[in-house]
Amino acid sequence: MLKENDSVESILVRDFNNNSVDLIKKYQGKSLLVIIYNNQCLGCTGRAIPLAYELQKENKEVQVIGIHTSFNAGQVTESDIKSIFTINELPFPIFLDNGRMVYDQFDSSGTPQWILITKGGKLSRTIFGSQEGAQNRLYYAIEQLKGK
């Protein structure tokens, strides 16, 4: 299990064409705010995804990335992912965590799970939830992340 200040060697996900992508390599040198979510989670689609979009607009120096984790054997498509948005384009990059490998990698408590990673690839913080208390912790964690 990764703890704060541990190096995150890789985060392996799939793109919509089923290609393997290592997010640490792809976004090397950038601070990352990763949201692990599921389309069936109402807190995710109702609060967390809109919040992630706002955070991306307000914090240009932090790259927001969505990771849809699947808890069953069914494959999720790009169309499934886009179905929760009111626009036909994704507000930030979204990847797939088939088999919940990333979810388990960060010992997630549920969805949404927020993962903050420094420019240098170290785990800064993880935060579970999307309600007011979690949102406050997230705002403070982003400010800390921008300073690292």
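Predicted model: local features only at pLDDT ≥ 70, side-chain atom pairs only at ≥ 80, totals over all residues.

Me: Let's start with the helices. At what angle do α2 and α5 pack, and how far apart are their axes?

Reply: The general idea is to compare the N-to-C directions of two fitted axes. Here α2 and helix α5 (residues 132-147) pack at about 25°, and 13 Å separates their axes. Angles under 35 degrees count as roughly parallel, so α2 is roughly parallel to α5. The crossing of the two, α2 and α5, is right-handed.

Me: Which residues of α2 and α5 meet?

Reply: On the α2 side they are R47, L51 and L55, and on the α5 side Q135, L138, Y139 and I142. Sorted by class, this contact of α2 with α5 has five nonpolar residues, one polar and one charged.

Me: Now the loop. Is N59 buried or exposed?

Reply: To decide, look at the relative accessible area: under 20% means buried. N59 sits in the loop between α2 (42-58) and β4 (62-69), and it is buried because its relative accessible area is 5%.

Me: What lies 2.9 Å from a polar atom of the N59 side chain?

Reply: The backbone oxygen of L55 does. L55 is also one of the α2 residues that meet α5. Not counting residues up to four places away in sequence, N59 touches I142, E143 and K146.

Me: And E61, where is it, and what does it touch beyond four places in sequence?

Reply: E61 also belongs to the loop between α2 and β4. Setting aside residues up to four places away in sequence, E61 touches S31 and K146. For a sense of distance, E61 and Q135 are 74 residues apart in sequence and 19 Å apart in space, C-alpha to C-alpha.

Me: Which residues is T69 in contact with, leaving aside neighbours within four places in sequence?

Reply: T69 is in contact with I36, Y37, N38, D97, R100, Y103 and T111, once those neighbours within four places are left aside.

Technical notes
Residues numbered from 1 in each chain as written. Heavy atoms only, no water. Buried < 20%, exposed > 50% of the residue type's maximum accessible area, 1.4 Å probe, protein only. Polar contact = N/O pair within 3.5 Å; in protein donor to acceptor, adjacent residues only side chain to side chain. Contact = heavy atoms within 4.5 Å. Axes fitted to C-alpha atoms, helices over the stretch in contact; angles between N-to-C directions. Parallel < 35°, antiparallel > 145°, perpendicular 65-115°, else oblique. Left-handed = near helix turned anticlockwise from the far one by under 90°. Nonpolar A, V, L, I, M, F, W, Y, C, P; charged D, E, K, R; others polar.
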